[in-house]
Amino acid sequence: MKTSIKIIVLVMFLLGSGPTLFAQRGSNSNSNHNSNHNNNHNCSSSSTTKSISLEDSSKNESVTISVTDEVKCLNIGVSSNISSGALTMEIYNPEGDKQGNFSVESELNSSSSNTGKSSETVCGQLNKTFKEPMKGDWVIKLKPKKVTGKVQIHSHQASSN
Amino acid sequence: MKNETNLPYRSLLSFGAFLILFQLAIGQSQGEHTPGIRGKLQLDSIWDPVVYLSHIPTLNDMYHMSTGMIISEASLDSLGNFSFATDYLSEDDQLYRIHISKKGAPMGSLIIGGDEENHMFVVGNKYSSIVLENIPGNPPFTPVEIQGYRPAQELREVDRIYTYVDSTHFKGSSVKGEFVTKAIYEKLRFVADTSSHSLVSLYALHRSKFETNYPINKSFYEGYLKKWKGEKSNYFKTFRSQLPQESSKDYTAYILIGLAFFILGFVLNHFLKRKKKKGPNPIQKLSVQERKILEEIKQGRSNKEISETFNIGLSTVKSHVSSIYTKLNIKSRKEAMDF
């Protein structure tokens, strides 16, 4: 008798609370869906990639990435692959503060490569992500010294409209 | 009775077990204190199972990569164990970088930031024993535990604090991120201030963006330089050269420039005076008679008195006086008296 009462109470509880639970779950699901929906509508992103080939180059170069108020996240990736010379890379925010740097140097110079000595490749790569980045021009400076190689600069900006 | 006969065997067994455990303990203890850099790295399949050790000559070279910096390499065994002998290292503590490369990439590969950051820094010398072990995952060196040489552990702690700088860029608002970043830099300066190990201390300060902090916190850096005045390592020499010159030295420069100008002015003045002196004396242009008459004029005598003195005519005196005025470029008797 007692067992049947317990079962009846349990069934009543489930019947009573079931719609609420379902409604709750449905609400969460909608919320997530709306959130994604909003994201799809209000957020945009853009990516740029710039490749630079250097041939025994000593000419400094700057690459500017313009960041607007709407940008919520900025990702900068710089990778370099050099077979001779020395390369320095620096990232500056719009206020001129250095945000990252690296330098790579190949011990074999061009002349030794010409003499048949095997070339020596050196790689440098930097990835930086900035949440709500400073508005303005972010500058990537490349300072090569007799560099032969390739540099690739990738930037990704995610913004909300 | 049976138990009694087994007693010696049990004792022997216990003693043997004790000996084995003791030997193991001693062996492990010796292993921990044997000089070298060793450890266990569990890597993803994208990584080449080779570890490289590079010497970092100054803190500005932390993110410099060239194969000339690599001083040793060690292969990982199937369990990820590796070992570098360190008997060729300096007796003084130096900074070293341990890095790995991706399969197919050159050994001189440096990846900074992101999930594939491929390096970590250690401080040590030829006598230090450093044991490190990572937790599988990416970045491979972020969850690394170091045992053994105490300064190497302290350096790892500095890196652990510094890691938060990058992570604040991912979490929370920019205002919160800025606030947290400032707090992290402050914490690093605190470590720099309190660490008893010069290189660890400088490493922490280097991580704290001292270039931007120096102008607003000069007294701290003056005190810091004073504290490590005796440090002659390249790390400290480079650091000192990066700080703005002392203000007293600026004044010295100004004083030297001022002194140079003073000497130049003095020499110029002296030269001009001499030149002036060397110029033709107008009195030399006068004839003997005119000089005598000029002397008389200076005595305040009139033309008539002069004519009587020299027994010459008045008109002759007037002619001489006129000639004197012309040659001396004067216009009156008074000017002639003052000449």
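Two strands pair if DSSP finds at least two bridges between them. With that in hand, welcome to these close-ups of a predicted model.

**View 1. Strand 5 of chain A meets strand 7 of chain B.** These two strands run parallel and are joined by four bridges, with strand 7 of chain B spanning residues 109–112. Look for A:Leu126, which sits opposite B:Ile112 of strand 7 in chain B.

**View 2. The contact between chain A and chain B.** Chain A brings 21 residues to this contact, and chain B brings 21 residues as well. On the chain A side, strand 4 (98–106) and strand 5 (122–131) each supply at least two residues. Strand 5 of chain A gives the most to this side, with 10 residues. Sorted by class, the side of chain A that touches chain B holds eight polar, seven charged and six nonpolar residues.

**View 3. An open sheet in chain B.** Four strands of chain B line up here in the order 5-1-9-10, and their pairing is mixed. Strand 5 (81–84) and strand 10 (144–148) of chain B stand at the edges with a single partner strand each, so one side of each has no neighbour in the sheet. On average, neighbouring strands of this sheet are turned by 15° against each other, direction ignored.

**View 4. Strand 1 and strand 9 inside that sheet.** Strands of a sheet pair through backbone hydrogen bonds, either parallel or antiparallel. Here, strand 1 (residues 36–40) and strand 9 (residues 129–134) of chain B run parallel, joined by five bridges. For a landmark, find B:Lys40: standing opposite is B:Glu133 in strand 9 of chain B.

Key:
Residues numbered from 1 in each chain as written. Chains lettered and ligands numbered in written order. Predicted model: local features only at pLDDT ≥ 70, side-chain atom pairs only at ≥ 80, totals over all residues. Axes fitted to C-alpha atoms, helices over the stretch in contact; angles between N-to-C directions. Contact = placed C-beta atoms within 7 Å. Nonpolar A, V, L, I, M, F, W, Y, C, P; charged D, E, K, R; others polar.
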